[in-house]
2 protein chains.
Amino acid sequence: MSKELVFGHQSPDTDAIVAAKAYSYLQNQLGYDTEAVALGEPNAETAFVLNYFDEPTPRIIKTAKNEVDSVMLVDHNEFQQSVSDIKDLTITHVVDHHRISNFQTDQPLYYRAEPVGCCSTIITKMYDENKIDIPVQLAGLMLSAIISDTLLLKSPTTTDEDRIAIKTLAEIADIDYEKYGIEMLKAGTNVAAKSDQELIDSDAKSFTMGGKSVRIDQINVVEFSDIDKRQDDIKKAMTAEAADKGYDLFLVLVTNVLNSDSRMIVIGDPVAAVEKAFNNKLSKDATMSLPGVVSRKKQVVPPLNDALS
Amino acid sequence: MSKELVFGHQSPDTDAIVAAKAYSYLQNQLGYDTEAVALGEPNAETAFVLNYFDEPTPRIIKTAKNEVDSVMLVDHNEFQQSVSDIKDLTITHVVDHHRISNFQTDQPLYYRAEPVGCCSTIITKMYDENKIDIPVQLAGLMLSAIISDTLLLKSPTTTDEDRIAIKTLAEIADIDYEKYGIEMLKAGTNVAAKSDQELIDSDAKSFTMGGKSVRIDQINVVEFSDIDKRQDDIKKAMTAEAADKGYDLFLVLVTNVLNSDSRMIVIGDPVAAVEKAFNNKLSKDATMSLPGVVSRKKQVVPPLNDALS
């Protein structure tokens with residue numbers, strides 16, 4: 001069996017990197033020959049997690065066809081979020097917790113999707129189904145991914161499956177996940193250390209909605225003031241990036257991870273669709289308050305997709 | 001939780017009807033409220049199976065939105081093979097063993113695909129994973145679906161998973177599956193009882209390949225002569241149907257289920273792509289011999305897709 005690469009989406013968050021490592025380890029135990037890689041540098045939160053559990057950072061790739069014929073995707077399926085040469089590769093496996101869109105194959109494949117809060121939750125179940133033990137350090141990474149995706153189980157994307165998985169993993173890793181989780185989330189919100197360009201890029205995803213090219217970034221903070229004071233510079237960077245990459249709409253969701261609220265910065269058009277999607281008016285400073293919104297996938301993408309379609 | 005409908009593809013074969021019944025029963029045991037329905041009349045083989053195990057024929061529907069908001073798909077995912085108003089419905093679950101194409105959702109969902117010979121094989125595993133017992137009659141239906149899709153485990157689509165599932169189901173149903181299987185396959189090949197229109201329609205699926213609309217039907221026989229003597233009339237029906245429905249290419253794969261060979265009748269264009277796909281010349285009577293070919297999914301769709309793309 002020839003080697004395959006396993007990776008999460010571009011602009012990787014903790015789940016994208018951890019799910020690749022966790023799925024690669026599982027598949028290797030089941031007889032496949034895989035390597036977990038990443039489509040970008042780990043963000044500050046992920047770097048904290050890898051360091052905390054003393055796990056190596058995956059190798060970063062730009063293309064895959066130069067190394068392998070076949071790949072396994074985790075935590076994404078939409079081709080525009082995947083490796084640049086995805087259309088030249090055979091996709092043999094997908095494990096994901098997102099909608100399915102802009103995805104197709106010529107051949108039957110393994111596809112496992114569940115509408116849970118975190119891809120690593122599904123992989124935790126797959127270890128159990130296949131009766132493979134999760135190594136202690138990997139359990140630490142996987143519970144970190146669940147904390148990250150569900151904001152310590154507070155996001156509306158959180159399901160009972162995530163709650164069960166995090167407890168299972170915390171037992172294996174022998175860790176107080178609530179105490180560790182706050183420390184980890186804070187480590188990921190150090191916006192002061194990031195340039196404007198890094199801020200608008202580090203957790204950004206691209207979507208096609210009703211023919212429009214939409215870019216949605218999310219920045220976690222512990223205080224909105226960390227972003228407010230840099231807002232003009234961030235908007236300039238967003239405008240330049242949208243012009244450069246051809247985005248019709250560029251949205252930056254600024255989420256306070258401690259009180260589960262967001263504000264959104266909006267660049268581009270159609271603004272009316274954004275206002276319709278969230279039943280709210282854009283302020284003069286091109287921002288919108290979104291109380292209780294913390295999930296891009298569940299609370300931003302679906303209403304925006306409806307409004308644009 | 002509101003009621004959902006569960007169904008397989010249009011022009012249903014035994015797996016499309018059985019997988020819907022099997023998945024609906026499983027989901028109801030797990031707390032969902034579902035009803036298995038069908039997108040067309042059972043074929044002769046399926047009618048034999050339902051009669052043999054004394055199971056009711058599912059209700060046939062043309063549209064779903066008039067009854068429900070949400071649906072579960074089995075044994076297919078491509079929208080052109082699904083219910084006519086699929087785009088107006090929320091798809092919450094898919095269980096399938098085909099490639100993924102022309103499929104998308106706005107929301108995360110349950111999707112379970114495995115590259116095995118039969119959708120009912122995956123559902124057999126899911127009963128085990130969820131620790132739900134398979135009722136005796138349902139086990140008989142499910143092993144019939146595996147016999148049908150794999151031509152009694154002889155098709156190249158057959159995997160070890162199918163072999164394990166059929167043995168598990170034969171034990172539950174307390175049946176000699178090899179003896180029963182030959183009887184069942186013969187019951188499905190009674191082409192004399194079918195009109196030309198029924199023959200070209202009863203197991204036909206539509207595909208989009210390289211911008212071309214392609215229709216591929218499969219007819220099982222025990223002797224090629226059953227079709228040879230009606231070939232001119234069948235070609236007339238294919239030509240009329242292609243004109244009526246706008247198919248660029250209409251292929252009818254005639255498969256001898258006892259010796260695992262096929263001949264293909266070809267109507268439409270581009271003929272050159274068909275010849276390239278199978279590395280073979282079309283005879284003057286618009287047919288092509290395809291020794292060893294029995295699987296539309298594995299031996300017809302992929303090379304044709306390559307040749308047309």
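A pocket here is an open set of grid points with protein on both sides within 12 Å along at least five of seven lines, and a lining residue has an atom within 4 Å of a point. The model is predicted. On that definition, the second largest pocket is lined by 42 residues. Nearest its centre lie Asn102(A) and Phe103(A) from chain A, and Asn102(B), Phe103(B) and Gln104(B) from chain B. The space in this pocket comes to about 1,100 Å³. Several elements each supply at least two residues of its lining: strand E5 (90–96), strand E7 (205–209) and helix H11 (296–308) of chain A, together with strand E5 (90–96) of chain B. By type, the lining of the second largest pocket has 21 polar, 11 nonpolar and 10 charged residues.

The largest pocket holds about 1,300 Å³ of space. Its lining is made of 47 residues, and those nearest the centre are Arg112(A), Met126(A), Glu129(A), Arg112(B) and Glu129(B). Helix H3 (residues 119–129) of chain A gives the largest share of this lining, six residues. The lining of the largest pocket divides into 23 nonpolar, 14 charged and 10 polar residues.

Now the helix. Helix H1 of chain B covers residues 14–29, 16 residues in total. At 1.5 Å a residue it should span 22 Å, and because its end C-alpha atoms are 23 Å apart, the model agrees with that expectation. H1(B) is mostly covered, with 13 of its 16 residues buried. Just after H1(B), Gly31(B) has a positive phi of about 110°.

Notes: Residues are numbered from 1 along each chain as its sequence is written. Chains are lettered from A and ligands numbered from 1 in the order in which they are written. This is a predicted model: local features need pLDDT of at least 70, side-chain atom pairs count only at pLDDT 80 or more; totals for chains, interfaces and linings use all residues. Side-chain values use heavy atoms; hydrogens and water are left out. Helices (H or I, at least four residues) and strands (E, at least two) are DSSP runs, numbered from the N terminus. The expected span of a helix is 1.5 Å times one less than its number of residues. Buried means under 20% relative accessible area, exposed over 50%, partly exposed in between (1.4 Å probe, protein chains only). On a 1 Å grid over the protein atoms alone, a cavity is a set of points where a 1.4 Å probe fits but cannot get out, and a pocket is an open set with protein on both sides within 12 Å along at least five of seven lines; lining residues have an atom within 4 Å of a point. Grid points are joined across faces, edges and corners, and a volume is the space filled by probe spheres set on the points. Ala, Val, Leu, Ile, Met, Phe, Trp, Tyr, Cys and Pro count as nonpolar, Asp, Glu, Lys and Arg as charged, and the others, Gly among them, as polar.
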